[in-house]
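Morning, everyone. Please have the sequence and the model open side by side. I'll walk you through a few places in it.

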Amino acid sequence: MTNKASWKGEVDLEPGDLVEIFRGGYQHWAVYVGLGNVIHLAPPTEYAEAGAASLKSLWADTALVKKEKLSRVVGADHYRVSNKHDSKYFVRTPDQIISFAEKLEGKLMKYKVTTQNCEHFCNSLRYDVARSDQVTKVVWFGMAAAVALMLL
């Protein structure tokens with residue numbers, strides 16, 4: 001499992017790696033496809049240093065699959081390689097991951113922050129499992145808060 005952090009590009013990326021980009025309040029995800037490029041699912045308001053504008057993604061219903069330079073997608077944000085589910089799921093080969101990703105490049109896809117976001121997209125490419133740990137975490141925190149309020 002690879003979890004190397006960076007904010008200046010010194011991480012050694014391997015084709016097929018999942019890249020977790022730390023935006024203010026959430027993480028954006030991309031798949032490294034080589035030569036400094038990533039493919040990611042980007043709603044219209046998803047870009048480096050989007051700030052509060054990125055909150056509009058909560059209401060987006062479509063997103064574009066883009067191939068861009070990692071440095072452009074990351075901007076001044078921190079990022080890390082996060083293949084955190086490699087021990088849990090079957091991992092496709094780098095060639096398979098890149099092939100699937102490149103076939104989707106330029107396509108407009110359905111987007112829903114809770115079930116079809118950039119993390120779902122990237123995990124689906126690497127593991128053939130669409131999952132988002134940050135959505136799961138929000139749901140669990142919400143349930144815990146509801147229980148706590150009921151107990152007061």
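One term before we start: contact means heavy atoms within 4.5 Å. Also keep in mind that this is a predicted model.

Which residues does Leu-41 touch, leaving aside neighbours within four places in sequence? The list is His-28, Ala-63, Leu-64, Val-65, Met-109, Tyr-111, Gln-116, Asn-117, Cys-118 and Phe-121.

Now step back to the core. The largest nonpolar core has 18 residues. Leu-41 is among those with the most contacts inside this core, along with Val-31 and Phe-121. Where do the core residues come from? At least two each are supplied by β3, residues 26-34, by β4, by β5, residues 62-69, by α2, residues 94-104, and by α3, residues 118-127. Which element gives the most? That is α3, with five residues.

Next, Asn-37. Find Asn-37 in strand β4, which covers residues 37-42. Is Asn-37 buried or exposed? Buried means under 20% relative accessible area. Asn-37 has 14% relative accessibility, so Asn-37 counts as buried. Not counting residues up to four places away in sequence, Asn-37 touches Val-31, Tyr-32, Lys-67, Glu-68, Lys-69 and Leu-70. Asn-37 and Val-73 are 36 residues apart in sequence. In space, C-alpha to C-alpha, they are 9.3 Å apart.

On to empty space. Rolling a probe the size of a water molecule over the atoms shows where such space is left. The second largest pocket holds about 200 Å³. Its lining has 14 residues. Closest to the centre of this pocket are Met-109, His-120, Phe-121, Ser-124 and Ala-130. Two or more lining residues come from each of α2, β7, residues 108-110, and α3. Again α3 gives the most, here with four residues. What is the lining made of, by class? Seven residues are nonpolar, five are polar and two are charged.

Last, confidence. The mean pLDDT of the protein chain is 82. Of its residues, 72% reach 70 or more. Now find residues 138-147. There the pLDDT is below 50. Beyond near neighbours in sequence, this stretch has zero contacts in the model. Where pLDDT is low, the predicted coordinates should not be read in detail.

That's my tour. Over to you.

Conventions. Residues are numbered from 1 along each chain as its sequence is written. This is a predicted model: local features need pLDDT of at least 70, side-chain atom pairs count only at pLDDT 80 or more; totals for chains, interfaces and linings use all residues. Side-chain values use heavy atoms; hydrogens and water are left out. Buried means under 20% relative accessible area, exposed over 50%, partly exposed in between (1.4 Å probe, protein chains only). A nonpolar core is a set of buried Ala, Val, Leu, Ile, Met, Phe, Trp, Tyr and Cys residues joined through side-chain atoms within 4.5 Å. pLDDT is the predictor's confidence in each residue, from 0 to 100. On a 1 Å grid over the protein atoms alone, a cavity is a set of points where a 1.4 Å probe fits but cannot get out, and a pocket is an open set with protein on both sides within 12 Å along at least five of seven lines; lining residues have an atom within 4 Å of a point. Grid points are joined across faces, edges and corners, and a volume is the space filled by probe spheres set on the points. Ala, Val, Leu, Ile, Met, Phe, Trp, Tyr, Cys and Pro count as nonpolar, Asp, Glu, Lys and Arg as charged, and the others, Gly among them, as polar.
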